[in-house]
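Keep the viewer open as you read.

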Amino acid sequence: MNATTVLVTGASSGIGLACVMQFLQRGANVIGWSRRPVEVPEHLGGRFIHQHVDVRSHDAVKHAVEQLHRGTSAQGRPWSEIDILVNNAGLSRGLNPLHEGVDEDWEEMIDTNLKGLLWVTREILPGMVERHRGTIVNIASVAGIEAYRGGNVYCATKAAVKMLSDTMQIDLLGSGVRVCNVDPGMVHTEFSQVRYRGDMERAVRVYQGLTPLSGDDVADVVVFAATRPQHVTLQDILIMPTDQATIHHVNKKV
Ligand code: NDP
Ligand code: 8X3
């Protein structure tokens, strides 16, 4: 993947960090966006830049892209020429029924999972269309396919991501840009810590008694999809732990 430039949003933990590492290990130049800093091993650092970006802010996204125009990678290519965009930044807050919903939680989920993905894509996609080449991987979720109690707004944002992937595939037909939608089941990351606002006991219980996916398991399929020949599109990938058949059918031993 020499001279390939990848942008991963939500690069500081979980699936995003695993994508950063796997693309770097394959020789790509990688840009990571998140609010927290990201450290990579020194020998990979020459091909990695981190930008502090809150994807909820269209201005912040635009500013970060402007900065990328100013620098070049080791191969002399502007960092702004993104070949692969992984729209991964996202989160869930709480499991309240809709009638007990919290305004700030709803705004955070919609602004990050849905509007954030739109702002980022709006800034990166025109360059791909201009170059007639590019891959976008959107991280949606099984939660966008199956509803569950208290999932309401989170599930809705992920169903929206899936629908955006579908409509982008149509909008981009003939443009040379392909779109891959990835729907993971349970992945052991910081996701549940964030959902339960640091209640570690509750977060740990989510994954107890089963073998969930790891961030690397999902990164494997992201990298696989992004490294197919350009005429091949994996439109939709549902990746589940073997211990999970559906949102509601989980092989929990405790
Ligand atoms: P993590 O909490 O481990 O990672 C989430 C990442 O998103 C972090 O790097 C975080 O960085 C980033 N992020 C959150 N808000 C923002 C923001 N406003 N601006 C920029 N970055 C942001 O969770 P996962 O790795 O599990 O989640 C990654 C994606 O996978 C999410 O979209 C999630 O919905 C999806 N997913 C997760 C599943 C799971 O079971 N874990 C299953 C299906 C889908 P920082 O806080 O530093 O900004
Ligand atoms: C995250 C998976 O089932 O916790 O998208 O909503 S779930």
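A polar contact here is a pair of N or O atoms within 3.5 Å; within protein, one must be able to donate a hydrogen and the other to accept it, and residues adjacent in sequence count only if both atoms are side-chain atoms. Some bookkeeping next: this is a predicted model, where local features need pLDDT of at least 70 and side-chain atom pairs count only at pLDDT 80 or more, while totals for chains, interfaces and linings use all residues. Residues are numbered from 1 along each chain as its sequence is written, chains are lettered from A and ligands numbered from 1 in the order in which they are written, and side-chain values use heavy atoms, with hydrogens and water left out.

Start with ligand 2. Its shell (residues with a heavy atom within 4 Å of it) is made up of Ser 141, Ala 143, Tyr 148, Tyr 154, Phe 191, Arg 195 and Ile 247. An N or O atom in the Tyr 148 side chain comes 2.5 Å from an oxygen atom of ligand 2. Ser 141 also has a polar side-chain atom 2.5 Å from a ligand 2 oxygen, and so does Tyr 154, again at 2.5 Å. On its own, ligand 2 has 240 Å² of accessible area (Shrake-Rupley method, 1.4 Å probe), and the protein covers 81% of that. Sorting that shell by class gives five nonpolar, one polar and one charged residue. For these classes, Ala, Val, Leu, Ile, Met, Phe, Trp, Tyr, Cys and Pro count as nonpolar, Asp, Glu, Lys and Arg as charged, and the others, Gly among them, as polar.

Now for ligand 1, which has 30 residues around it, the closest being Ser 12, Ser 13, Arg 35, Tyr 154 and Thr 189. The Thr 189 side chain puts an N or O atom 2.6 Å from a ligand 1 oxygen, and a polar side-chain atom of Arg 35 lies 2.7 Å from an oxygen of ligand 1. A nitrogen of ligand 1, in turn, is 2.9 Å from an N or O atom in the side chain of Asp 54. The protein covers 96% of the 880 Å² of accessible area that ligand 1 has on its own.

The largest pocket has a volume of about 1200 Å³. Its 49 lining residues include Ser 92, Tyr 154, Thr 189, Phe 191 and Ser 192, the closest to its centre. H5 (191-195) gives the most to this lining, with four residues.

Finally, the structure holds two cavities of 30 Å³ or more. The largest cavity has about 80 Å³ of space, and among its 14 lining residues, Arg 93, Asn 96, Trp 106, Met 109 and Asn 152 are the closest to its centre. The second largest cavity has about 50 Å³, and its lining has no charged residues.

Conventions. Helix = DSSP H or I, 4+ residues; strand = E, 2+ residues; numbered from the N terminus. 1 Å grid on protein atoms, 1.4 Å probe; cavity = no way out; pocket = protein on both sides within 12 Å on 5 of 7 lines; lining within 4 Å. Points joined across faces, edges and corners; volume = space filled by probe spheres on them.
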